[in-house]
Amino acid sequence: QVQLVESGGGLVQPGGSLRLSCAASGSIFSIGAMGWYRQAPGKQRELVATFTSGDNTNYADSVKGRFTISRDNAKNTVYLQMNSLKPEDTAVYYCKAIVVTKAGGPNYQYWGQGTQVTVSS
């Protein structure tokens, strides 16, 4: 079994910054794609930023230039630095990882429990 634990959410004023962390633990042989999604009330879950293959990244247009995804492979951890936050960034942020749990085994998709980000004055 694999667990993803997010942290770093909270309440911040417009224009402020937050840094989210997502640590993967458990039966991990390798991690492929790993990144962040968000879901605002009444809306569908959407991509925020993710590592795809290798060091390639993909960002939602709405966060380009404001958010930066990074990772520490030794710690199986991915980060999301969020700057110049706007009220429309308010959502529950989820971490997702594609994990191989044993050599030659299949990929499995895992989600974290989510962390609330609220941008409000």
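**View 1. The salt bridge of Asp61 and Lys64.** Asp61 pairs with Lys64 in a salt bridge, with 3.1 Å between the closest N and O atoms; a salt bridge here is a side-chain nitrogen of Lys or Arg within 4 Å of a carboxyl oxygen of Asp or Glu. Asp61 has a relative accessible area of 65% and is therefore exposed, given that exposed means over 50%, buried under 20% and partly exposed in between (1.4 Å probe, protein chains only). The structure is a predicted model, in which local features need pLDDT of at least 70 and side-chain atom pairs count only at pLDDT 80 or more, while totals for chains, interfaces and linings use all residues. Residues are numbered from 1 along each chain as its sequence is written, and side-chain values use heavy atoms, with hydrogens and water left out.

**View 2. The salt bridge of Arg66 and Asp89.** The side chains of Arg66 and Asp89 form a salt bridge with an N to O distance of 2.7 Å. This pair links distant parts of the chain, 23 residues apart: Arg66 belongs to the loop between E6 and E7, and Asp89 to the loop between E8 and strand E9 (91-100). Strands (E, at least two residues) and helices (H or I, at least four) are DSSP runs, numbered from the N terminus. Arg66 counts as buried because its relative accessibility is 11%. Asp89 is likewise buried, its relative accessible area being 1%. Both residues belong to a network of salt bridges that links Arg38, Glu46, Arg66 and Asp89. The structure holds five salt bridges.

**View 3. The salt bridge of Asp55 and Arg71.** In the salt bridge between Asp55 and Arg71, the closest N and O atoms are 3.3 Å apart. Asp55 lies in the loop between strand E5 (46-51) and strand E6 (57-59), whereas Arg71 lies in strand E7, so the pair ties together parts that are 16 residues apart in sequence. Asp55 counts as exposed, at 63% relative accessibility, and Arg71 as partly exposed, at 26%. Side chains of opposite charge can pair when their charged atoms come close.

**View 4. The open sheet of four strands.** The strands follow the order E1-E3-E8-E7, with antiparallel pairing; two strands pair if DSSP finds at least two bridges between them. Strand E1 (2-7) and strand E7 (67-72) stand at the edges with a single partner strand each, so one side of each has no neighbour in the sheet. From one strand to the next, the twist averages 15°, based on axes fitted as lines to C-alpha atoms (for helices over the stretch in contact), with angles from 0 to 180 degrees between N-to-C directions. E7 and strand E8 (residues 77-82) run antiparallel and are joined by six bridges. Phe67 has Met82 in E8 as its bridge partner.

**View 5. The disulfide of Cys22 and Cys95.** The structure holds one disulfide, defined as a pair of cysteine sulfur atoms within 2.5 Å. Cys22 and Cys95 form this bond, with their sulfur atoms 2.1 Å apart. The torsion about the S-S bond is about -80°, so the disulfide is left-handed. Because Cys22 lies in strand E3 (residues 18-26) and Cys95 in strand E9, the pair ties together parts that are 73 residues apart in sequence. Cys22 and Cys95 are both buried.

**View 6. The surroundings of Ser27.** Ser27 is located in the loop between E3 and strand E4 (30-39). At 38% relative accessibility, Ser27 counts as partly exposed. Leaving out residues up to four places away in sequence, Ser27 touches Gln1, Val2, Val99, Val100 and Thr101, where contact means heavy atoms within 4.5 Å. Ser27 and Gln1 are 26 residues apart in sequence, with 5.6 Å between their C-alpha atoms.
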